[in-house]
Amino acid sequence: MQSVGSGTRGIRGLGVLAALAILVLALAACGGSSSNTPGTTSAGNAQKGGTAYWAEAPQATPNYIFPFAAFAYFSVANLTQFQELMYRPLYWFGQGAQPTLNPSLSLADNPTYSSGGTVVTVKFKPYKWSNGETVTPQDAVFWLNMMKVEKTIWAGYVPGTIPDDIKSISASGNTLKITLTGKANSNWYTYNELSQITPMPMAWDISAKGQKAGSQACGTASFTSVTTKTVKTSKGSTIAPLSAAAKSCAAVYKYLDGQSKKISSYVSSPLWSVVDGPWKLQHMDTSGNVTFVPNKKYSGTVKPHLAKFVELPYTSDTAEFNALAAHKVDVGYLPTQDITSPAKTGSNPCDLSGANNPRLSGYTLAPVFPWGINYFPLNFKSTANGGQAGKIFSQLYFRQAFQLLVNQPLYIKQIDKGYGVPTYGPVPVCPTNNFATSTESNNPYSYDKAKALSLLKSHGWNVKPGGTTTCTDAAKCGVPAGTPLNISLQYASGTASIDQLMQAEKSSWAQAGINVKLSTATFDTVIGTAVPCSGSSCTWQMENWGGGWIYAPDYYPSGEDLFQTGASSNAGTYSDKKADTLIKQTTQGNASLANYENYLAEQLPVVWQPNPVTVFEVNNKLGGATPINPLQTINPEDWYFTK
Amino acid sequence: MTGYLIRRIAQAIVVVLGVILLTFLLGHIIPGGAARAALGQRATPSALAQFNHEHHYDEPIWNQFWLYTWGIIRHFDLGFSYRNNQSVVSLIRERIPKTLVLVGLSTVFALLVAVPLGILQVVRRNKPVDYLLTGASFVGYSMPAFLLGQLLILYFAIDLHWFEFEAPQSSSVAGILADPRGWILPVFSLSAITIAGFSRYMRSSMMETLTEDYIRTARAKGASPSRVLFRHALRNALIPIITLLGLTLPAIVGGAIITETVFNYPGMGLLTTNAATQNDVPLLLGTTFIAAIATVVGNLIADILYAVVDPRVRYA
């Protein structure tokens with residue numbers, strides 16, 4: 001066959017054409033503009049000015065500005081890392097590396113409790129809104145009035161607690177006096193109830209564009225004049241406004257929520273420009289790019305040093321890591337897969353340190369313990385496994401055996417590269433805090449395979465390591481003889497460390513013949529499945545969404561949201577009268593958390609899991625940014641560049 | 001031709017409706033439903049019930065489907081994404097230009113490189129150049145996009161500082177194009193795989209065309225090799241490439257998830273993937289609807305182009 005066209009001029013040009021296309025791209029690159037390096041400052045030690053860049057977590061961009069966030073917008077990205085920079089909560093939590101009340105950043109002095117814990121008095125400090133008005137107790141009443149009407153929307157609402165437990169409120173001068181319907185534990189009320197309030201300016205008390213500030217009655221009405229009724233339907237219950245003040249609150253909420261759905265108008269909106277925090281919004285787009293500039297009328301003690309604070313969105317861990325490696329952000333997080341050296345702990349297990357990724361020279365590693373616990377629920381009402389799954393999970397000895405095979409320190413070391421903290425009960429053991437007891441901190445169920453096997457054998461199970469353990473003595477097992485220990489566990493896909501953890505635990509449980517069948521689904525599918533249920537359709541057994549629970553804005557880890565009978569986030573329908581009593585004592589009585597905490601740590605209402613630590617990277621030239629708070633609230637007003 | 005077009009458009013409407021219906025039904029079997037996905041883990045049963053009532057999720061599914069379809073017909077209303085706190089239409093309107101630039105540029109670049117390379121391989125068939133390019137094609141085709149993209153970033157952006165580590169962050173086409181330091185690496189990364197594929201198609205198509213009788217006739221009549229190649233063979237050899245281009249249109253709208261992920265470029269691919277993983281039903285329906293339209297339009301355009309390129313093709 002004849003070779004076609006060899007040696008012709010036109011054909012020689014083909015390779016040239018292909019090369020030309022590549023050359024055009026290369027030339028275009030040379031002509032491109034270079035971007036600014038963040039964090040550059042003029043000479044001097046602690047610099048005034050400069051722009052600090054903060055990396056947002058992937059798929060966690062702020063998108064809701066109104067600090068009365070419904071469930072859909074109730075996130076760290078929206079609340080602590082966006083809204084609170086502009087609209088300060090009544091009480092600020094997070095002090096250095098501690099999740100405690102921070103009096104210096106709070107809008108009011110510490111609350112005082114009187115009349116046996118039924119009256120709460122809050123004295124406001126002289127803070128100002130950026131429009132010149134004073135931040136008054138009535139601004140807090142405005143929020144509470146709205147809460148009364150829209151409580152089913154507010155994600156922090158727990159039935160029976162704020163605002164249901166408020167009998168009356170008086171706002172006079174700089175004093176807010178709240179009279180409760182019953183006695184409240186002062187710690188609990190401050191950390192879990194008052195913590196939710198964010199005073200709102202009267203400029204927001206409108207229900208349509210162009211209205212005069214305060215023209216609706218929601219902001220000015222007394223708490224008792226806002227009356228509602230509960231309307232029960234077959235699909236649940238809703239709150240209907242009764243009084244004129246309540247109706248105006250509903251109208252104001254509707255308007256403000258609607259305005260919050262117009263992200264591109266946030267900057268120009270006369271509503272959102274009224275702030276009492278140290279920052280004002282200068283730019284925001286729907287992709288999550290946010291620029292803050294100092295609120296020049298900020299009346300707090302610490303004024304911003306930076307000229308700008310910028311939050312940047314990232315599509316993935318990889319993209320965020322590249323931004324760090326390119327030195328385009330000043331504070332970002334180090335994805336677990338990019339941790340190159342294992343963490344070291346000193347005498348205090350809550351004190352982690354380690355060598356940085358070699359690509360990240362110029363940054364300091366800053367591990368942050370989350371103020372939360374990690375666990376996955378087991379469904380006490382599950383009708384799977386021949387109707388026996390829920391009954392098996394109800395046996396304390398089974399839960400103990402199951403937990404005894406979870407070697408948390410080993411998994412933290414091998415999977416999280418040391419950047420993790422074990423969960424042994426309902427209270428976080430790190431960061432070091434006054435709430436965790438020694439019983440919980442010392443792990444009541446340290447890994448012990450022999451003990452796990454012994455527990456199962458002594459309760460009538462024919463243990464077959466590597467096979468399937470079956471019940472041989474119904475009276476001891478608590479389930480019919482012949483019941484196998486077959487368990488389904490669905491977990492959230494997409495995170496390599498959770499995959500590894502689940503596989504490691506499956507192998508460990510298999511040593512006792514507990515045959516765990518793993519499956520994966522998206523995070524949303526898992527949380528959609530792990531909901532309280534009953535009846536024949538209630539078939540899920542164990543669901544692990546991989547994130548456990550973050551205590552915010554219910555900072556006091558008293559568990560009424562999680563482990564109280566009937567609590568909406570009690571996914572596995574755990575119910576224990578003693579636990580309910582102990583929870584009540586921590587919320588309404590004077591009891592500390594100790595009894596509740598120790599009891600729950602021993603009762604294992606869920607399967608405790610190791611909790612990964614968030615590892616931040618902070619530009620060495622940025623001062624004041626560490627320690628980062630376990631609540632991941634950020635205070636860029638403290639930040640400054642050094643030469 | 002007009003009759004053919006009318007028939008194809010009618011078929012397209014049926015296909016798009018079928019795709020919407022299927023996605024709609026699949027979206028309704030996710031655990032917890034759209035309400036749980038939108039409101040999250042803390043949502044109470046009453047909040048879920050209220051959400052379902054407000055959004056008609058408590059009505060019969062056929063009624064929901066009708067309301068959704070009617071919303072599209074009347075106002076092109078594709079619903080609201082609570083995850084993004086934006087309407088689905090505005091989200092798509094925001095992301096499509098980004099993806100159009102990325103996939104469009106890479107497709108044009110791939111064509112500019114792949115067609116000449118394919119021809120060159122035929123011309124130099126079974127010679128070192130052919131072997132070299134064939135080998136390079138296989139490497140390019142088998143190279144994971146994620147790995148290639150990350151290697152390009154680490155070397156050219158982070159180590160050498162020649163390019164940006166991320167794609168342009170502007171939302172406008174002009175803004176993106178004005179930042180070549182940003183778009184060159186993602187475009188090249190995406191093109192590498194396309195070039196490998198297109199050049200292989202081009203090579204085999206051209207080889208087959210050159211065995212046709214009319215090529216032998218042209219040569220017998222004394223046409224020069226380059227005339228045979230470019231005037232007689234090229235046009236017919238391009239037909240498979242047209243098919244590929246027709247199939248590229250959905251990709252232009254559907255996005256390039258891996259490239260978008262690595263280069264921090266939130267386009268349609270990422271939007272669709274996130275909608276699927278986050279059970280964002282309205283957004284998933286919206287992006288699927290747009291992708292379905294792009295697929296049928298892409299195929300229709302390819303069919304019409306066949307007739308333009310090859311006069312033997314006639315549609316009745």
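Colleague: How many salt bridges turn up across the interface of chain A and chain B?
Modeller: The rule finds 1 salt bridge there. Keep in mind that this is a predicted model.
Colleague: Which residues make it?
Modeller: A:Arg359 pairs with B:Asp159, and their closest N and O atoms are 3.2 Å apart.
Colleague: And how many residue pairs are in polar contact across that interface?
Modeller: 15 residue pairs, with both residues at pLDDT 80 or more.
Colleague: Which elements of chain A give two or more residues to the side touching chain B?
Modeller: α1 (9-30), β9 (236-241), α6 (317-325), α14 (523-529) and β24 of chain A. The largest share comes from α1(A), with 11 residues.
Colleague: What's the make-up of that side by class?
Modeller: On chain A, the side that touches chain B has 32 nonpolar, 31 polar and 6 charged residues.
Colleague: How much area is buried between the two chains?
Modeller: About 5800 Å², and carbon and sulfur atoms give 60% of that. The contact takes in 69 residues from chain A and 67 from chain B.
Colleague: Back to β24 of chain A. Which sheet is it in?
Modeller: An open, antiparallel sheet of 3 strands, ordered β24-β17-β25 in chain A. β24 (549-550) and β25 (606-609) are the edge strands, each pairing on one side only.
Colleague: How many bridges link β17 and β24?
Modeller: β17 (residues 372-377) and β24 of chain A pair over 2 bridges. Within that pairing, A:Gly372 sits opposite A:Ile550 of β24(A).
Colleague: Switching to chain B, how is it divided?
Modeller: Into domain 1 (2-88) and domain 2 (94-309). Their centres, taken over C-alpha atoms, are 32 Å apart.
Colleague: What do those two bury between them?
Modeller: Domain 1 and domain 2 of chain B bury about 2000 Å², 74% of it on carbon and sulfur atoms. B:Arg8, B:Val16 and B:Arg83 supply 22% of the area domain 1 buries against domain 2, more than any other three residues.
Colleague: What does the side chain of B:Arg8 meet in a salt bridge?
Modeller: The side chain of B:Asp303, at 2.1 Å from N to O.
Colleague: Which element gives the largest share of domain 1's side?
Modeller: α1(B), with 12 residues of the side of domain 1 that touches domain 2 in chain B. By class, that side divides into 19 nonpolar, 5 polar and 2 charged residues.

Note on methods. Residues numbered from 1 in each chain as written. Chains lettered and ligands numbered in written order. Predicted model: local features only at pLDDT ≥ 70, side-chain atom pairs only at ≥ 80, totals over all residues. Heavy atoms only, no water. Pairing = 2+ DSSP bridges. Helix = DSSP H or I, 4+ residues; strand = E, 2+ residues; numbered from the N terminus. Domains from an automatic or database assignment. Buried area = accessible area lost by both parts, 1.4 Å probe. Salt bridge = Lys/Arg side-chain N within 4 Å of Asp/Glu carboxyl O. Nonpolar A, V, L, I, M, F, W, Y, C, P; charged D, E, K, R; others polar. Contact = heavy atoms within 4.5 Å. Polar contact = N/O pair within 3.5 Å; in protein donor to acceptor, adjacent residues only side chain to side chain.
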